[in-house]
Amino acid sequence: MEEYICAIIISFYIYGFAGWIWESLIMPIAEKRKIKNSGFLNGPVVPIYGVGAVTVFLLFSARESYLSIFIEGGFVACVIEYITSWGMEALYHRRWWDYSDRAFNVNGRVCLEGFVAFGIFSVACVKYVQPYLFTKLLQYQLIPLVIVSTALTTIFISDLVTTLIALAHLDERLDETIEIIEEYRVKMRLDREERQKDFSELLETIRQENDTLYQKYVQRTGYSDRHIFNAFPLIIDDKPKSQVKDNEENK
């Protein structure tokens, strides 16, 4: 039983790492975007992929049909993503990702494209990857499995705590960052197209053309802050709900 639990924990990190590869390397290359760490954490793990994969292979059996696993797995993964999106917005009053421009989306939190991708991943996970992974992991004795799962969990929790501490000052850091960006936009008299650049692209332009302003940004933010802004640029432009409400009341 202990070996099985350790194997599940290690599987969580393997899928989380696979999700990071997908989000940070494969998708940017496929969409001809700049490669960057797109995960919530500083390290190469996207927890939502780990949670989704573990949930799917615990809920469904490899004996089920491909269609059944595809539909059920896609649905479960979308529910997890929807709850995660809602929870993060409720906590930090910012929208972290938005699929409003995608077909058949639900409140911009999940979309048909994601459902299909998650469904395919679920089939691969339940039918092929997890049976193979368990076979390989359970070949090891309990002690090595405990050591590896404990080490990975320690690193994961340390990274999570560091990220959450940085997020405790999210609004303050965002205000300072937006102030710096607006200062650059005014100085350079950017046209509309330049103003709508992706945050990471705009930041790279600032670094190349105005090092003083870029160093000001670096000094005001920590590594975790900069990583979050780069990974989720939508939160830079998304106004807090309280601010939107105030603006509407002042009209």
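What share of the contacts in the protein with a separation of 6 or more is accounted for by residues 24 or more positions apart? The share is 70%.

## The whole protein

This is a predicted model. The protein has 12 helices and zero strands. Read from the N terminus on, its elements run α-α-α-α-α-α-α-α-α-α-α-α. The protein has 251 residues, and 42% of them count as buried.

## Helix H4: a kinked helix

Helix H4 covers residues 112-137. Helix H4 has a kink of about 50 degrees. The kink is centred on cysteine 125. Cysteine 125 is also one of the buried residues of H4.

Other buried residues of H4 include Gly114, Phe118, Gly119, Ser122 and Val123. Further along, Val126, Lys127, Gln130, Leu133, Phe134 and Leu137 are buried too. What covers them? The cover of the buried residues of H4 includes H1, helix H2 (47-59), helix H3 (66-92) and helix H5 (142-167).

## Glycine 114

Glycine 114 lies in helix H4. Its relative accessible area is 16%, so it counts as buried, the cut-off being under 20%. Glycine 114 is 15 residues from tyrosine 99 in sequence. In space, the two are 9.5 Å apart, C-alpha to C-alpha.

## H1 against H4

Two packed helices are described by the angle between their axes and the distance between the axes. Helix H1 (residues 2-30) and helix H4 pack at an angle of about 130 degrees. Their axes are 11 Å apart. H1 and H4 are therefore oblique to each other. Their crossing is right-handed.

Which residues of H1 make the contact? They are Tyr4, Ala7, Ile8, Ile10, Ser11, Ile14, Tyr15 and Trp22. From H4 come Phe121, Cys125, Val129, Gln130, Leu133, Phe134 and Leu137. The contact residues divide into 13 nonpolar, two polar and no charged. Cys125, where the kink of H4 is centred, takes part in this contact.

## H3 against H4

The axes of H3 and H4 come within 7 Å. They cross at roughly 120 degrees. That makes H3 oblique to H4. The crossing of H3 and H4 is right-handed.

On the H3 side, the contact is made by Tyr66, Ile69, Phe70, Ile71, Gly73, Gly74, Phe75, Ala77, Cys78 and Glu81. On the H4 side, Phe115, Val116, Phe118, Gly119, Ile120, Ser122, Val123, Val126, Lys127 and Tyr128 take part. How many of these contact residues are nonpolar, polar and charged? There are 14 nonpolar, four polar and two charged. Lys127 is in the contact, and Lys127 is a buried residue of H4.

## The loop between H3 and H4

Histidine 93 sits in the loop between H3 and H4. Its phi is near 55 degrees, a positive value in a residue other than glycine. Is histidine 93 buried or partly exposed? With a relative accessible area of 39%, histidine 93 is partly exposed.

Phenylalanine 104 is found in the loop between H3 and H4 as well. Phi of phenylalanine 104 is near 55 degrees, a positive value in a residue other than glycine. Phenylalanine 104 has 67% relative accessibility, so it counts as exposed, the cut-off being over 50%.

Conventions: Residues numbered from 1 in each chain as written. Predicted model: local features only at pLDDT ≥ 70, side-chain atom pairs only at ≥ 80, totals over all residues. Heavy atoms only, no water. Axes fitted to C-alpha atoms, helices over the stretch in contact; angles between N-to-C directions. Helix = DSSP H or I, 4+ residues; strand = E, 2+ residues; numbered from the N terminus. Parallel < 35°, antiparallel > 145°, perpendicular 65-115°, else oblique. Left-handed = near helix turned anticlockwise from the far one by under 90°. Contact = heavy atoms within 4.5 Å. Nonpolar A, V, L, I, M, F, W, Y, C, P; charged D, E, K, R; others polar. Bend = angle between axes of the 7 residues up to and from the residue. Buried < 20%, exposed > 50% of the residue type's maximum accessible area, 1.4 Å probe, protein only.
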